[in-house]
There are 2 protein chains.
Amino acid sequence: MQLAFVLYPGMTALDAIGPYEVLRAMPDAELRFVAGMPGPVVTDSRVLALNATHTYADTPAPDLVLVPGGSTGTQAAMADQELLDWLRAVHPATTWTTSVCSGALILAAAGLLQGLPATTHWIAQSALGHFGAISQPDKRIVQAGKIATAAGVSAGIDLALWLVGQIHGPQEAERIQLEIEYDPQPPYDTGHPSKATDSMLEQVRAKLMAAAAAGT
Amino acid sequence: MQLAFVLYPGMTALDAIGPYEVLRAMPDAELRFVAGMPGPVVTDSRVLALNATHTYADTPAPDLVLVPGGSTGTQAAMADQELLDWLRAVHPATTWTTSVCSGALILAAAGLLQGLPATTHWIAQSALGHFGAISQPDKRIVQAGKIATAAGVSAGIDLALWLVGQIHGPQEAERIQLEIEYDPQPPYDTGHPSKATDSMLEQVRAKLMAAAAAGT
């Protein structure tokens, strides 16, 4: 099974690396990191770079596509015609087309979420509605046929385990969960807007809006 | 605050990228990815490469060091004298010296865990004892003074949020948890050996032992 993780400048690394660490443990997984050209792609920290192994053109028939979000890079990616054309070209033959965080906005910009339920980072839920999807703000994972979208950043790990269960059955997913010791014990409990105070929401919203503006 | 994430061939990407995504959101964080030389470092998937930004020699005084584990690369890293010498040299002046997964074995090989309580991936707990640490198999995070060790792979996210709480207080940690939407909802519940069947433990153990052997 060929897995294509999309990389683009200003993406959020954990959006891709969380699911990668789960999905790569599947039997017979062939991994690719795809971008406009091979080589380092600088993420939204402006320090960490992940290396693309293949171009879009070299990857015409992936079985699974995963599109990450990005705190600074999403808007540019939503206007990257090469990426959008590639998503539209490969989607009809994928087994799964997936996104994490604001990666859903990129799938939406490619026209793939028109009229479909989908989720994204809490800050991007209303934008997702503007691009034609039916936003599901309280859902961590949303399936619409062969499209599966996840909520913000860390939700990609939950998405990937769910995907392994769909592809290889629950036992394989359980083995991989044990392999990566995914027994989460967050020392705090503010991971969803419903658990945060209004002032905390405003502070994080302001920070993320400033990051997005800096990326445009 | 200068944060140094150690990279080495055969490391597990999520061990470093989980904590990175949390710690980079701290105010005034200066990030570095350090290795023997700058440039791409191939991880244990043999496909994904992360880019080192600095050498050990260029990084004589990090405030926080994080050493990831690796399914194929840990044993070679435990014998990498340049890495071990650097860890011994910088540790006295760090604010925090930390590890995720089998990264604890590398701290132990550098002599930094002698007689101290520490945790690691469940498969490496007994090895950790052989290298002089006091293994804490049921702990996801263990603090021993300024050393903090985490259990396997995904535990680095919990460790990093705990560290932010120690460094900047609970409110900053809570903001970052909301920012990365860390509201885990694993679709299965086998993330700790105590939750897995014996046959599942044996299957995962055999797979991880084979990966480690392939790396030597």
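Which side chains meet in a salt bridge at 3.0 Å, N to O?

**View 1. A salt bridge from chain A to chain B.** In this predicted model, A:Lys207 and B:Glu179 are the partners: their side chains meet in a salt bridge, with N to O at 3.0 Å. Side chains of opposite charge can pair when their charged atoms come close. Between chain A and chain B the count comes to 6 salt bridges. Polar contacts are counted too, and here 49 residue pairs make them between chain A and chain B, both residues being at pLDDT 80 or more.

**View 2. The side of chain A that touches chain B.** H7(A) provides the largest share, at 7 residues. Sorted by class, this side of chain A has 33 nonpolar, 18 polar and 13 charged residues.

View 3. The contact draws 64 residues from chain A and 64 residues from chain B. Between them, about 5,800 Å² is buried, and carbon and sulfur atoms give 60% of that area. Look for A:Leu178, A:Glu181 and A:Tyr188: they supply 15% of the area that chain A buries against chain B, more than any other three residues.

View 4. Over all chains, the structure holds 20 salt bridges.

**View 5. The annotated stretch of chain A.** An unreviewed UniProt entry lists residues 3–164 of chain A as "domain: DJ-1/PfpI". Over residues 3–164, chain A is 30% helix and 25% strand, and the end C-alpha atoms lie 12 Å apart. As for confidence, the mean pLDDT of chain A is 96, with 100% of its residues at 70 or more. The model as a whole scores ipTM 0.96 and pTM 0.97.

Technical notes
Residues numbered from 1 in each chain as written. Chains lettered and ligands numbered in written order. Heavy atoms only, no water. Contact = heavy atoms within 4.5 Å. Buried area = accessible area lost by both parts, 1.4 Å probe. Salt bridge = Lys/Arg side-chain N within 4 Å of Asp/Glu carboxyl O. Polar contact = N/O pair within 3.5 Å; in protein donor to acceptor, adjacent residues only side chain to side chain. Helix = DSSP H or I, 4+ residues; strand = E, 2+ residues; numbered from the N terminus. Nonpolar A, V, L, I, M, F, W, Y, C, P; charged D, E, K, R; others polar. pLDDT = per-residue confidence, 0-100. UniProt positions renumbered as here; feature names shortened; annotations may be inferred.
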